[in-house]
Amino acid sequence: MDRMIYTALNALGVNRDSQVAQAQNLANQTVPGYRRDLPNEGGARFLDMMEGLTTRVFQVETGPAGFSEEPGRLTRTDEELDVAIGDLGYFYVSPENGDPALSRRGDLRRDMDGTLRNGAGDAMLGPGMAPIQLPAYRNIRITDIGEIYIQPLDDPEGEAVLAGVLATVIPPDGVALTKGADGQIRAVDGALPPPDQRAEILQGTLESSNVNPVEELLSTMQMQRNFELGMRMVLTARELDESGARMMQAPEG
């Protein structure tokens with residue numbers, strides 16, 4: 001009976017963590033380039049006590065937090081600072097409070113000080129891992145390899161000038177990526193792969209999140225049913241335990 005209760009509680013704990021991930025996905029379904037969170041790998045382990053195993057079983061998580069790398073839908077916006085990666089690869093970004101990270105978000109803007117940032121406020125980085133600084137310009141063109149050409153306001157001839165390069169990378173095989181507590185994508189071992197500029201960049205296009213809201217809602221309904229079954233299992237175990245205790249009582253009189 002003891003084992004039955006703790007097994008049910010472990011299942012409820014796994015269900016709770018999955019619901020947290022799904023709530024995060026649904027909350028970010030409209031964020032450009034957002035990567036869908038996946039349930040963390042895990043299992044169960046019995047507690048060691050007195051050189052043996054007890055009936056207490058606990059949820060155990062293993063491996064880094066996973067996320068889906070499926071591409072989101074590409075939408076043509078014709079905005080000159082909207083960019084998207086056509087297939088594989090990531091941009092390099094520098095969050096305000098954190099180490100450099102990888103991102104698929106491409107809703108860019110030029111800050112008051114000239115820093116190029118995405119919609120989350122992260123600075124876009126060049127191949128040298130320095131924030132990209134853009135002077136005031138009349139128009140801007142971004143090539144498929146990330147080169148940023150501008151026509152400066154003070155240039156009477158109107159010639160295009162290379163103002164920076166958006167650093168990109170297609171992570172090589174063997175480089176495992178994970179999402180940190182800040183929601184940023186980094187390498188599991190902490191060292192990002194160097195830029196290789198192999199990702200194809202599309203100007204005037206935005207990539208949506210890869211969250212499927214219908215799929216997430218259906219999965220939420222299924223987890224709710226699993227939660228109800230787990231609670232029913234716990235209540236049944238309690239009733240069986242109480243019935244067994246009554247049978248063990250000595251008769252009165």
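Q: Buried means under 20% relative accessible area, exposed means over 50%, and partly exposed covers what is in between. Why is Arg109 called partly exposed in this model?

A: The model is a predicted one. In it, Arg109 has a relative accessibility of 35%. That value falls between the limits of 20% and 50%, so the residue belongs to the middle class.

Q: Where is Arg109, and which residues does Arg109 touch?

A: Arg109 sits in strand E7, which covers residues 109–110. Apart from residues up to four places away in sequence, Arg109 touches Leu81, Thr115, Leu116, Arg117, Asn118 and Gly121. Contact here requires heavy atoms within 4.5 Å. Met124 lies 15 residues from Arg109 along the chain, and the C-alpha atoms of these two are separated by 9.9 Å.

Q: Why does Met129 count as partly exposed?

A: The relative accessibility of Met129 is 32%. Since this value is between 20% and 50%, Met129 counts as partly exposed. Met129 is located in the loop between strand E9 (123–124) and E10.

Q: What is the phi of Met129, and what is the phi of Gln197?

A: Met129 is a residue other than glycine, and its phi is positive, near 65 degrees. Gln197 is not a glycine either, and its phi is positive at about 55 degrees. Gln197 belongs to the loop between strand E15 (185–187) and E16.

Q: Why is Thr168 called buried?

A: Its relative accessible area is 0%. The limit for a buried residue is under 20%, so Thr168 qualifies. Thr168 is part of strand E13, residues 168–169. With neighbours within four places in sequence left aside, its contacts include Tyr90, Phe91, Tyr92, Pro195 and Gln197.

Q: How many of the residues in the chain count as buried?

A: The protein chain has 253 residues, and 37% of them count as buried. The chain contains two helices and 17 strands.

Q: How do you know that E10 and E11 are paired?

A: Two strands pair if there are at least two bridges between them. Strand E10 (residues 137–142) and strand E11 (residues 147–152) have five bridges, so they pass this test. Their sense is antiparallel. Within this pairing, Ile140 is opposite Ile150 in E11. The hairpin of E10 and E11 has four residues between the strands, and in it Gly146 has a positive phi near 95 degrees.

Q: What makes E11 and E12 a pair?

A: The count of bridges between E11 and strand E12 (residues 161–165) is four. At least two are needed, so this is a pair, and its sense is antiparallel. In this pairing Ile150 is opposite Val161, and Tyr149 has Leu162 as its bridge partner.

Q: Why does one side of E10 and one side of E12 lack a neighbour in the sheet?

A: The open sheet consists of three strands in the order E10-E11-E12, with antiparallel pairing. E10 and E12 are at the edges and each has a single partner strand, so one side of each is left without a neighbour. On average, neighbouring strands of this sheet are turned by 30 degrees against each other, direction ignored.

Q: What makes a group of residues a nonpolar core, and how many residues has the largest one here?

A: The members must be buried residues of nonpolar kinds such as Leu, Ile and Met, joined through side-chain atoms within 4.5 Å. The largest such core here has 20 residues. Leu116, Met124, Ile140, Ile148 and Leu166 have the most contacts inside this core. Strands E4 (83–85), E5 (90–94), E10 and E11 each give two or more residues to this core. E10 gives the most, with three residues. A second, separate core has ten residues, among them Tyr90, Leu125, Ala167 and Leu177.

Q: How do you know that the side chain of Gln203 makes a polar contact with Ile140?

A: A polar atom of the Gln203 side chain is 3.4 Å from the backbone oxygen of Ile140. Gln203 is placed in strand E16, residues 201–203. Not counting residues up to four places away in sequence, Gln203 touches Ile140 and others, including Arg76, Glu80 and Arg141.

Conventions
Residues numbered from 1 in each chain as written. Predicted model: local features only at pLDDT ≥ 70, side-chain atom pairs only at ≥ 80, totals over all residues. Heavy atoms only, no water. Polar contact = N/O pair within 3.5 Å; in protein donor to acceptor, adjacent residues only side chain to side chain. Buried < 20%, exposed > 50% of the residue type's maximum accessible area, 1.4 Å probe, protein only. Axes fitted to C-alpha atoms, helices over the stretch in contact; angles between N-to-C directions.
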